[in-house]
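Here are my notes on the model, point by point. Please read them with the coordinates open.

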Amino acid sequence: MTEEREALRRKLADSNGLRGLQRHQPADVEATVQTFYRDGFAVVENVLTPAQVAFLRAGCEREAAAIMALDPERKGNRGPNRYSYGGASITNSVLHREEWAMLVDLPTLTPIITAIFESEDYRVARAAGDFCMPGAEYQRLHADIGDHSGGFHDPRGIVSIRDLPCPVVCCNFLAQDFTKFNGPTRQIPGTQHSREPIPSLEDEPEWMRLSTVYPAPAGSVLIRDIRAWHGGTPNLSDDMRAIPNAMFQAPWFHIRQPPSIPRPMFEKLSEHGQRICRFLVTDDALQTGYRI
Ligand SMILES: [Fe+2]
C-alpha cells in the first residue's frame, strides 16, 4: 500500500461516517418517511433476511464476473474499478434475474415506498445498481437526475425538477455491510431541493467526503431521493462492494424504459409487483447481456 493510501486509511478509520446517522426498522414507516423528506435519504435495517442477502450477494458476484470478463483492465464504466450494472446491461436493468426481481415488492419495503408516494400507483423504472472493486477511488458528488428528465421541463424557466416532490426513489440494498473502508456511499443531507452547483472533487469540503452511510449492516436499504447529492468512496478493502437497486417512479412521473422483464419472470411477481412492473414486461424473447 502506498503512503497516500495508508494516510487515507488512517483518516477513514478516525472519521469516516455521517455523524448521527439514523437507522430505522421496517416497522418505522412514518419515521422513515420523515427522515427521507428531511434528508433526501433514509436507511432501514433488516429489509432483507440473511438468506436473501446471501442469495443477492451471490447474484451480484455472478453478474459482476460477467461484466468484468469484458473489462480485464478494470477500466470500469463509472471510473476505474467502479461499475454500474444498469449502465453495462443491454436492457438497462437486471430485472430478468431472480435476485433483482425479488427487490421490487418486499413486504419490509413496499409500505415505506407507498407512504413516500402516498399512493400504491407508483411504478418500477428498473432494478440494477452498482458495484466497486478494491482500488476504486472517490467518485465526484452528483445527482442522478436533472431537468429534462421524465418529460419534465418548464419552458418559462421558473420551476426546476428540484422544486417538486420526489420524482424517483432509488433503493440501494446492501449486499454486505458498509464499512469505513469498502466504499460506502456518501450522501449530503438536505440537498434534494438545492439549486447550488454541486462541488467538484477538488472543491468538495472534507466533511462531505466523510459523510458516508456508515455504519449500516448487510440487509439494510439506503432509500434515496435521486436528486440528493451523493457519490462513491474509495474501496480500500479486499472485497467487492455491491449495492443492487430497485428504482421507483412517482405516479405522476414517467421515464420511458426499454422492456426488461420476460413474461415468465413477471408472472412470478406478486400482484402488486406485477402492477408496478407492467410497463417493463415483454412477451418477446428478451435479449440480455452486457457491454462495457
Ligand atoms: Fe449516482
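1. Start with the rings. The structure holds seven aromatic pairs. Rings of Phe, Tyr and Trp (its six-membered ring) pair if their centres lie within 6.5 Å; planes under 30 degrees apart count as stacked, over 60 as edge-to-face and the rest as tilted. Y85 and F131 make a tilted pair, with 4.8 Å centre to centre and 45° between the planes. This pair links distant parts of the chain: Y85 is in helix α4 (residues 85–88) and F131 in strand β5, 46 residues apart. Helices (H or I, at least four residues) and strands (E, at least two) are DSSP runs, numbered from the N terminus. Y85 and F131 are both buried, that is, under 20% relative accessible area, with exposed over 50% and partly exposed in between (1.4 Å probe, protein chains only).

2. A note on the basis. This is a predicted model: local features need pLDDT of at least 70, side-chain atom pairs count only at pLDDT 80 or more, and totals for chains, interfaces and linings use all residues. Residues are numbered from 1 along each chain as its sequence is written, and side-chain values use heavy atoms, with hydrogens and water left out.

3. One aromatic cluster is formed by Y83, Y85, W100 and F131.

4. Next, the metal. The iron ion has H142 (NE2), D144 (OD) and H230 (NE2) as its protein donors, 2.2 to 2.3 Å away. Donors are N, O and S atoms within 2.8 Å of the metal (3.2 Å for Na, K and Ca); water is not among the atoms, so sites may look incomplete. Along the chain the donor spacing is H-x1-D-x85-H. H142 lies in the loop between β5 (129–132) and β6 (168–173) and H230 in strand β9 (residues 230–231), so the pair ties together parts 88 residues apart in sequence. H142 and H230 are both buried.

5. T32 sits in helix α2 (residues 29–39). Its relative accessibility is 1%, so T32 is buried. A polar atom of the T32 side chain lies 2.6 Å from the backbone oxygen of D28. Beyond neighbours within four places in sequence, T32 contacts (heavy atoms within 4.5 Å) H24, Q25, A42, V44, I112 and I223.

6. V124 belongs to strand β4 (residues 123–126). At 3% relative accessibility, V124 is buried too.

Key:
Polar contact = N/O pair within 3.5 Å; in protein donor to acceptor, adjacent residues only side chain to side chain.
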